[in-house]
There are 2 protein chains.
Amino acid sequence: MTPVQSAGGRPPWLQRADPEGIVMSARVRLARNVAGTAFPGWAGEAESRRLCRRLLPVLAALPPFAGGAVWRLDEMEALDRQRLRERHLISAELAGKGAGSALLVAADESLSVMVNEEDHLRIQAMAPGRDLLPLWRAADALDTAVGERIAYAVSPRLGYLTACPSNVGTGLRASVMLHLPGLRMAGEAGPVVKGLDKLGLAVRGLLGEGTDALGNMYQISNQATLGATERDLIGRLDELVGAVIAHERHARLRLLETQPVRVRDRVARALALLTQARVMRSEEALDLLSALRLGVALGWLSGLTGDQLHDFVLGVQPAHLQQEAGAPLTPDERDERRADWLRRSLAAVEWV
Amino acid sequence: MTPVQSAGGRPPWLQRADPEGIVMSARVRLARNVAGTAFPGWAGEAESRRLCRRLLPVLAALPPFAGGAVWRLDEMEALDRQRLRERHLISAELAGKGAGSALLVAADESLSVMVNEEDHLRIQAMAPGRDLLPLWRAADALDTAVGERIAYAVSPRLGYLTACPSNVGTGLRASVMLHLPGLRMAGEAGPVVKGLDKLGLAVRGLLGEGTDALGNMYQISNQATLGATERDLIGRLDELVGAVIAHERHARLRLLETQPVRVRDRVARALALLTQARVMRSEEALDLLSALRLGVALGWLSGLTGDQLHDFVLGVQPAHLQQEAGAPLTPDERDERRADWLRRSLAAVEWV
C-alpha cells in the first residue's frame, strides 16, 4: 500500500453537489476498543505500539483497504497531517499523535480507520448527501469484519466500551455537514445551534470539534450513544437535519423577500473580492465561497458549478494549497497564491 | 441673501486635488467674543438672541458676505445642519444649537462666521492645499473689519478672551487635513498621532473634534494659542505638517518596497467593492475611496482624478446623498443609493 496522493482530487464525500447548496456530506463513525488493552489515553507508548503492530496487518488485509493507504503518525510530516485533516480523514486529536497511532484509508477515501486516537479504533464512512443508513451499513460491515478478527471490549449491559463515556453503547456518531448561509445571514444560526444542543445534538465547525463554522459549514451530529439502537440514533438525527434544512430554506426565502438587495450585495461582494483580491486568507476565502455557493443555488451566477465550489473548499485550505504548489509556503505566500488561484479560476463567472 | 444651495458642488477647499493624494485642505479660525456680553455657554437664550440680532446685520453687510447666506439655527432642518457639517461650515457644537445661533457663509464658502457657538464669533477661512498664511490673512482681514464695528473682549495682558482657556490669546486655531493611508496601513498612524500630541498639536478626524479618521483623513491643528504670535503658531504647525507628509511618503515607499502585493490588494479590493457592492455605508465608502485615492496617486488607476474623488468624499456622506436624492432617505435606502451611485460613477475606472 502506498500513501494516498489524491489531495488534488475531490474525495467521494465532496461529490454530487446539492443543487440547493445546503447539504454537503454525511459521516458515520464507530468507536471500538480492543478487549484486555488499556484505552489509548491510559496506555503507554510501548503498549500503543504493540497494539498498532497487531491491528494494522489485520485491518490492511480487509477488502476495503485493498489499494488503499496506511499512514503511521510517527512517519508523517506536519503538512500531511494537516492535509488529511482538511480531507476529514483524521481528527485534530489523531493529528497530534505520534508513534503507535495510524490511519488506514480506502483507495476512494470513503472508508477509513483511525488507530489509537481517543479509542483503539475509529471506523469512519463518508459520502456526499445526507443519507446516513448506507454509511452506517458500510461502517457496520467493516466493524463486523474487524470484530471477527479482534475481540472488542464490550459490556453485556452497556454495549461497546469507549474511552469517553459519551460514546459508550453503540459507539456511533453520525453527522451531516450542512451549508447554512441563510441562517447565518439572518442571524439565526446561533439560536438554531442552541436549539439543537438542547435536543441532544452537537453542532461543530468545518473541521470538527473545537473549530469554527468556516464558510458557514456546520457539522450536526448525535451526542448520546447509550440506550438507543443505531437505527434510532440515525433516524432521530436525520429528522432534525431535515428540520434544519427547512429552516435554511425558509431563512433564504425570507431574506430574498425582505432584504433582496442585501443578499445580492453579499454575493456581488464575494464575487468582486474573489476575482480581484491579491491576498486572501483561507477563512475569508471559505466565507466568500459560501456566498458564491448561495449565488449559484439561487441561479444568479453562471460559469460555476457546485462541484467546482467543492474543489475550492478543499483547495483554499493551507495544506492542499501547499500540496498543489509542490512546496511548503509561508502564510504570506499562501495568501498570495490562494488569491491568484481563485482569481484565475473564477474569471469566467458572470451574473446571469 | 439666500441659503447656499451648492451642496452638490465642490466647495473651494475641496478643489485642486494634491497629485500625491496627501494634502487635502487647510483652515484657519479665530475665536472672538463681544465685550460686555456673557459667553454663549453662560448667556441665557434671550441674551444670545439679542446679541445675534445685533451681530447679523453688521456681519452680513461686510463685503465677503455679499451674495452669501445666513442660516439661523432655529430655522434649520436636521438635514441642512448635517449637510453644512459635512461641508465643514458648522461644528458639531453649532449643529446642536437653536435660537440665537447662526452661520454666515460667503458665496464661495471660503469664508464663514459661526455666531454663538462656543464663542460669540468663530471666523473661519478654508482653502485647498496647506498654505495657512493666506488663510490667516483672509480671516484676519475679516476679523479687523468686524473689530472696527464691534468691541471685542480683550485683555491687555492675555489677548483675546475666549470661553475655553485653550483659545485665550490669539484665539487662533489653524488646521490642515491630511490623507494618510500609508501611515494607517503601516500601523504608524497611532504613533504619529501620539507624537504630534506630545508636541502640542491636536489630531482629529474628518468631521472635527470627537470624530474618527474616516477615510484615513486627519485634521492636524495647533492646541495652545497663548504666548505666541499667529505667525509663530502657523509656522510651527506648518513645519510639523511637513514632517507628517514626509512620514506618509516614507511609509508608502516602504510599503511598496516590502509589501507591494498588500498595497495592490488594498487598492484592488477597494475598486472591486466600489464597483460591485449593492449596499454601502458611508464609513466603508470613505475607507475604500481612500484606497482608490492612493491607487490614483501611485498611477495605478486610470479614468479617475483626485478632484472626482473629492466629489465622492462629500457625495457619499448622508446629508449630501439625501440632498442629491431630493428627499430624506432611511439609512437602508441611503446605503443602497450610495452603492448604486458609486458603482455607476466608477464603472470606467481601470488598472493602468
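Visitor: Of the 96 residues in the largest nonpolar core, which touch the most other members?

Guide: This is a predicted model, in which local features need pLDDT of at least 70 and side-chain atom pairs count only at pLDDT 80 or more, while totals for chains, interfaces and linings use all residues; side-chain values rest on heavy atoms, with hydrogens and water left out. Residues are numbered from 1 along each chain as its sequence is written, chains are lettered from A and ligands numbered from 1 in the order in which they are written. A nonpolar core is a set of buried (under 20% relative accessible area, with exposed over 50% and partly exposed in between, for a 1.4 Å probe and protein chains only) Ala, Val, Leu, Ile, Met, Phe, Trp, Tyr and Cys residues joined through side-chain atoms within 4.5 Å. In the largest such core, the members that touch the most others are L292(A) and L292(B).

Visitor: Which residues is L292(A) in contact with, leaving aside its neighbours within four places in sequence?

Guide: Contact here means heavy atoms within 4.5 Å. With those sequence neighbours set aside, the partners of L292(A) are V267(A), A270(A), L271(A), L274(A), L301(A), L304(A), L309(A) and L346(A).

Visitor: How much area do chain B and chain A bury between them?

Guide: The contact joins 16 residues of chain B to 16 residues of chain A, and V261(B), R269(B) and R278(B) supply 38% of the area that chain B buries there, more than any other three residues. Because 100% of the interface residues of chain B are also interface residues in chain A, the copies meet through the same surface. Counted as accessible area (1.4 Å probe) lost on putting the two parts together and summed over both, and with 61% of it on carbon and sulfur atoms, the buried area is about 1,400 Å².

Visitor: Which helix gives the most to the side of chain B that touches chain A?

Guide: Across the interface the rule finds two salt bridges, each a side-chain nitrogen of Lys or Arg within 4 Å of a carboxyl oxygen of Asp or Glu; E284(B) and R269(A) meet in such a bridge at 2.8 Å, N to O. Helices (H or I, at least four residues) and strands (E, at least two) are DSSP runs numbered from the N terminus. With nine residues, the helix that gives the most is α8 (residues 260-276) of chain B.

Visitor: Is H88(A) buried or exposed?

Guide: H88(A) sits in the loop between α2 (78-86) and α3 (92-95) of chain A, and its phi is near 65 degrees, a positive value in a residue other than glycine. With a relative accessible area of 7%, H88(A) is buried.

Visitor: What is the relative accessibility of E109(B)?

Guide: E109(B) lies in the loop between β3 (102-105) and β4 (111-115) of chain B, with a positive phi near 70 degrees, again in a residue other than glycine. E109(B) counts as buried, its relative accessibility being 1%.
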